[in-house]
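Please open the model in your viewer and keep the selection panel at hand. The tour goes stop by stop.

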Amino acid sequence: MRKVLNEDNMSNKNLPVLNKEQLEAVNTIKGNLLIIASAGTGKTTTIVERYVNMIQNHGYRPDEILMTTFTNKAAKDMVSKIVKRTKFEPPYVGTMHSLFMRILRVNAQSIGLNPYFTLLDNDLDKKKIIKLIAKNEGIDPRADNISYLLRWIGKFKNRGILAENLSENLTIEDIKEKGFIEEALDDEIIRIDPQLRKKVNKVYKKYEAELRKQNLLDFDDILIFTKRLFETNKEVRDYYSQKFKAIMVDEAQDLNVVQIDIIGLIQNDNLCVIGDECQNIYEWRGSSPELVFSFNEKQKKIVLQDNYRSGKKIISSVNKVINAMKFKIDKQLNCTKESDGKIKIEEFSDFEEEKEYIVNKIKKLLKEGVSKADIAVLFRINSIGKELERELKKNKIPCHLSKSVNFFEREEVKDILSFLRLKINPYSVIAFERILVLMNGFGKGTAKKFEEIAKQKTCSLIDSLKLHSEIKLSQDKTREVHKLISVIENFSSNPITLFLKDFGYLSILKSKYREEPSKLQDKLENIETIKELFEGHESKKEDIKNFLDGLIEIDKKEKTKDRVTLSTIHSAKGLEWENVFLASCNEKILPFYFRGELDPMKRDSELRLFYVAISRAKKSLMISHHETNGWGKEYERSSFIDLIE
């Protein structure tokens, strides 16, 4: 007889107290299920308890449950809570990218991939490849154009549109506009030539060809190739379909078409979808609430309505915003807190005045003893954040601007990881060039010569080094080449030690930063962190590959402890603060649009961002707007403010 959890037997065991809807979700084990979980409704607790209930009371083994979520931070939180409740680490809880990467590694050869492929996980490296292609195609390689091309490649992949199925002659749309046009891209405004759209297909095809040549996959490829694996290999698909007796998909409103297809290929009337279609704010990445809406129509649905985060006035405003959306599943949040919470709306003559006010209010909060970590300033576009960052720093208030350089983008970290990638993938031009130019007397020109040898001889880049006599190097340079070959092909010693000492990276770094001791110290500390992360791994090729794959699961965001957070609304999703400022809430900023009027779809899209922004606040929410930009251009206050006043 299967055990049903209820309020009595949960409280007797000193377990989390669940409300009626949470208990129903925890006890619904068989069949497909939709859990609608709005902001602050105890979603993580609910799905963790459902997982634990399956293990402890329904005979499921941990390796029979697949549970995916959207961010490494959320995955880490879920894993730690499951460990606390069950005393074991769940083997298949993580982001889709990390979980499907493991499946792809095991089965790479069955879909024609070299099993020692490495990940191109950095936008700067992707842009290097695209920039080279752009130059060869006569495209102006300025930053906005490269960002635009990268964005469209991502759009294609997130919609499952493969380069091999596109014609170079097809265009995304007929272009009639002339001159430059403005577009929103990742919370930035960029200016691009509309004619550039005609060249996207060709650039995408060449980008994919270059990745295959270098034995590289980007993050989107993990999903593309997993889908291909399950579609083309029935044996593998059936194995995982039978293996996972239960599948739980968190943040289902953020899935793209490829992710939805992958889950559809392995689910078998055992899928629990958790999400909130009102928080679908990543459409520009290809995300779609399609699965949530589909389950709403056809499957059992449980709506979590009790909010445990925000005060009454804030929840009242959240409900008004939800009601204003046209495309949604009806819901109404209940406030469980006794406190009212505060909402204040302020108008200023210009952004300078608005900025000054926000900084002074933050100073006042800090004087009252509020922790910096309990304060966040949110905004729709990055340029606002950069201005606020300058103002806070001018006033000596420690702050962290989201989208600043993360740990894995730091010079010394990228150098070490490039060395490790080159050891397992000697075809990666990105890694090869980064390491080669570290050596004394070597530049991009020499790297290109070796790349040409590799192309002519159809060999790896490391093998091309062995043919150095063809480009007549000096004795000193020849010694450097032999040293590099030696450390790359050595799989018996710790690879990081090989790089730091035998290759001489520590000496290179100390020489480069000898006049900047504090910067050098930071870099040495980052190197120690990488060494600590590598602990427990051996020096064999397989171990290095596993270490690099494991980095996918590490939260790459900078620590924001004891700093005021400055964040775009997109980056703030999933987070919460006691005190939230929503800056520059003006028409054409939030909601963000260029000309004309908002159509219903776009209005809902921007309303969802407004909903996410205001629902981050636990105790206090201050919304501000300004009348002019300082150069005489007038701004209206956001029409969204009218909804909550």
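Helices here are DSSP runs of H or I with at least four residues, numbered from the N terminus. By that numbering, V83 belongs to helix α4. Bear in mind throughout that this is a predicted model.

**Stop 1**

Select V83. Its relative accessibility is 29%, so V83 counts as partly exposed, since that class runs between the 20% and 50% cut-offs. Now show its contacts, leaving out neighbours within four places in sequence. V83 is in contact with F88, E89 and P90. V83 and K344 are 261 residues apart in sequence, and their C-alpha atoms are 41 Å apart in space.

Step on to K87. K87 sits in the loop between α4 (72–86) and β3 (93–95). Check its backbone: phi is positive, about 70°, although K87 is not a glycine. Most residues other than glycine have a negative phi. Is K87 buried or exposed? K87 counts as exposed, at 70% relative accessibility.

**Stop 2: the whole chain**

Zoom out and colour by secondary structure. The chain has 27 helices and 18 strands. Its C-alpha trace spans about 75 × 70 × 55 Å along the principal axes. The radius of gyration is 26 Å, which agrees with the value near 26 Å for a compact globule of 645 residues.

Switch to a surface. Of the 645 residues, 55% are buried. Contacts between residues at least 6 apart in sequence tell you about the fold: 75% of them join residues at least 24 apart.

Colour the charges next. There are 111 positive and 100 negative side chains. The centres of the two sets lie 2 Å apart.

**Stop 3: aromatic rings**

Show the Phe, Tyr and Trp side chains. The count comes to 13 aromatic pairs. Start with W152 and F156. This pair is tilted, with 5.9 Å from centre to centre and 55° between the planes. Both residues lie in helix α7 (residues 143–158), four residues apart, about one turn of the helix. W152 and F156 are both buried.

How are the rings of F156 and Y204 arranged? Their centres are 5.2 Å apart and their planes are at 10°, so the pair is stacked. F156 is in helix α7 and Y204 in helix α8 (residues 200–213), so the pair ties together parts 48 residues apart in sequence. F156 is buried at 7% relative accessible area. Y204 is buried as well, at 1%.

Then select Y92, F230, Y239, Y240 and F244. These residues form one aromatic cluster.

**Stop 4: L498**

Go to helix α21 (residues 495–502), where L498 lies. L498 is buried, with a relative accessible area of 3%. What does L498 touch, not counting residues up to four places away in sequence? The list is K423, V487, N490, S493 and F503. L498 and D123 are 375 residues apart in sequence, and 28 Å apart in space from C-alpha to C-alpha.

**Stop 5: the loop between β17 and α26**

Select the loop between β17 (577–582) and α26 (600–614), and find P591 there. The peptide bond joining L590 and P591 is cis, with omega about 10°. Most peptide bonds are trans.

S584 is found in this loop between β17 and α26. Phi of S584 is positive, near 55°, in a residue other than glycine. Is S584 buried or exposed? S584 counts as buried, at 1% relative accessibility. Recall that K87 also has a positive phi, but K87 counts as exposed.

**Last stop: S620**

Finish on strand β18 (residues 617–628), which holds S620. S620 is buried, with a relative accessible area of 17%, because the cut-off for buried is under 20%. Show its contacts, again without residues up to four places away in sequence. S620 touches I314, K342, E578, N579 and V580.

Definitions and conventions
Residues are numbered from 1 along each chain as its sequence is written. This is a predicted model: local features need pLDDT of at least 70, side-chain atom pairs count only at pLDDT 80 or more; totals for chains, interfaces and linings use all residues. Side-chain values use heavy atoms; hydrogens and water are left out. Helices (H or I, at least four residues) and strands (E, at least two) are DSSP runs, numbered from the N terminus. The radius of gyration is taken over C-alpha atoms; the globule rule is 2.2 Å times the number of residues to the power 0.38. Buried means under 20% relative accessible area, exposed over 50%, partly exposed in between (1.4 Å probe, protein chains only). Contact means heavy atoms within 4.5 Å. Lys and Arg count as positive and Asp and Glu as negative; His and the chain ends are not counted. The place of a charge is taken as NZ of Lys, CZ of Arg, CG of Asp or CD of Glu. Rings of Phe, Tyr and Trp (its six-membered ring) pair if their centres lie within 6.5 Å; planes under 30 degrees apart count as stacked, over 60 as edge-to-face and the rest as tilted.
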